[in-house]
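Hi,

Here is the structure I promised to pass on to you. Have a look at it first, and then read on for what turned up.

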Amino acid sequence: MVESVLPGESATARAAHASLKGDRRGLRRLWPFLGPAFIAAVAYVDPGNFATNIAGGARYGYMLLWVILTANLMAMLIQSMSAKLGIATGKNLPEVCRERFPRAVTLFLWVQAEIIAMATDLAEFIGAALALNLLFGIPLFPAGLLTAVAAFGILELQRRGFRPLEAAIAAFVGVIVLSFAFQMFYAQPEADRILAGLFTPQFAGTDSVLLAAGILGATVMPHVIYLHSALTQRRVVGRNDEERKKIFRFELVDVIIAMAIAGTINASMLIMAAALFNAEGLTGVGDIDLAFEALGEQVGGFSATIFGVALLASGFSSSSVGTLSGQVVMQGFINRRIPLWLRRLITMTPALVVLAIGLNPSRSLVISQVVLSFGIPFALIPLLIFCRNRNIMGALVNRRLTTAVAAVVVALIVCLNVFLLYRTFFG
């Protein structure tokens, strides 16, 4: 059961049921339901997003902001469906797959999900290790070991229940928000160009299309689709259809707030790069380490340090979330569980090997995103199939319009990832 990953809290459950009965008003009514989407949102501001957003801003200025907006709207839809599945069924997505699909299919889904978990850890570990290297000059392999220690420490919070872990993750997200708010203050971007970039879809040649596909295709992370359904499946249990509908409405607000914050962070990354790098002709700043150096030269050492702190917060938090996702995947698909520390050790090993042999960190980040692309259809398609099935979802079944929009989004994301894989291997 996922309760061994994220134990429930009786106080939160009591407050939630008081809200459902109408005994609480205003923000107090919403408060018990906030949290799951903030944990999921960390995947949308992981180190891989740093690389793609900064590259987009440095090369094309504000032009691809509309891509980030579109990707964020897609994320809201998909994460809300994942949360709804957990609320409606009391099960997470891998568990429903195990019940509904043949065993051979379930085993295949589990194997690919475990590979995805390792690729996820690769990106997040490398990002945190790179941040420690840039901030303190620590060699990458020792920095990776320090990242492992920090991730274990964050995961220890889950022993105390939902709220401490959610608070820690929210704090990391807050650090990232403040860091890029500071960068925006110094960048002084042009408001009219921001608005034009947000609401005027356009490209500038094949390379911009490819980069846009990278931003869109890498938006939805397979592991966080699995995890979000687990975070809502037993957090607050509805006793009837009416309560489950109310719970979902509250969780939908959680998703909108968390995804809006993640989208704002991603847009801020691109805007910063557009205002500080593209405007100065530094269109080749695409790697994270180059962005760190360029910030130091353009704005000053303090600005570069703030950027490094944001990257560190991103790596630490997203790495911990990746481990929780891996636990949900194993328990759900094959009904097996291993100690959390052992799972952490297994999934971090490839990242530590990459750091130990000295591979290029930014190149390794790109490779990890390619591997992640393979797993996206195997999470999105089952989610869509289940959410449109009334026998599974009951009163929370998708409306026809929701299913139609979701089908278009899923098809678009899958096609974009196939395109990215084709360009990577044959392009």
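Let me start with aspartate 241, which counts as partly exposed because its relative accessibility is 40%. Please keep in mind throughout that this is a predicted model. Aspartate 241 forms a salt bridge with arginine 244, and the closest N and O atoms are 2.9 Å apart. Both sit in helix H13, three residues apart, so about one helical turn separates them.

In total, five salt bridges were counted. Another of them joins the side chains of glutamate 166 and arginine 235, at 3.0 Å from N to O. Glutamate 166 belongs to helix H9, while arginine 235 is in the loop between helix H12 (222-233) and helix H13 (241-276), so this pair ties together parts that are 69 residues apart in sequence. Glutamate 166 is buried, with a relative accessible area of 6%, and arginine 235 is buried too, at 5%. Lysine 91 and glutamate 99 also meet through their side chains in a salt bridge, with 3.8 Å from N to O. Here lysine 91 is partly exposed, at 26% relative accessibility.

Now to the aromatic rings, where the count is 11 pairs. Phenylalanine 180 and phenylalanine 307 make an edge-to-face pair, because their planes stand at 80°, with the ring centres 6.3 Å apart. That pair links distant parts of the chain: phenylalanine 180 is in helix H9 (residues 162-187) and phenylalanine 307 in helix H15 (residues 301-334), 127 residues apart. Both phenylalanine 180 and phenylalanine 307 are buried. Phenylalanine 182 and tyrosine 186 form a tilted pair, 4.7 Å centre to centre with 50° between the planes. They are four residues apart in helix H9, so about one helical turn lies between them. Tyrosine 186 is partly exposed, at 43% relative accessibility. Phe182 and Tyr186 also belong to one aromatic cluster with Phe185 and Phe302.

Finally, the surface. A nonpolar patch there consists of Phe374, Tyr422, Phe425 and Phe426, which together have about 520 Å² of accessible area. Helix H19 (residues 400-426) gives the most to this patch, with three residues. Phenylalanine 425 is found in helix H19 and is exposed, with a relative accessible area of 54%. There is also a patch of positive charge on the surface, where Lys245, Arg249, Arg390 and Arg399 gather. Of these, arginine 390 is placed in helix H18 (residues 390-393) and counts as exposed at 56% relative accessibility.

Enjoy exploring it!

Best wishes

Technical notes
Residues numbered from 1 in each chain as written. Predicted model: local features only at pLDDT ≥ 70, side-chain atom pairs only at ≥ 80, totals over all residues. Heavy atoms only, no water. Patch = residues over 30% accessible without salt bridge, like charges linked within 9 Å, V, L, I, M, F, W, Y side chains within 5 Å. Areas by Shrake-Rupley, 256 points an atom, 1.4 Å probe, with all protein chains shown as cover. Salt bridge = Lys/Arg side-chain N within 4 Å of Asp/Glu carboxyl O. Lys, Arg positive; Asp, Glu negative; His and termini not counted. Charge placed at Lys NZ, Arg CZ, Asp CG, Glu CD. Helix = DSSP H or I, 4+ residues; strand = E, 2+ residues; numbered from the N terminus. Buried < 20%, exposed > 50% of the residue type's maximum accessible area, 1.4 Å probe, protein only. Phe/Tyr/Trp six-rings, centres within 6.5 Å; stacked < 30°, edge-to-face > 60°.
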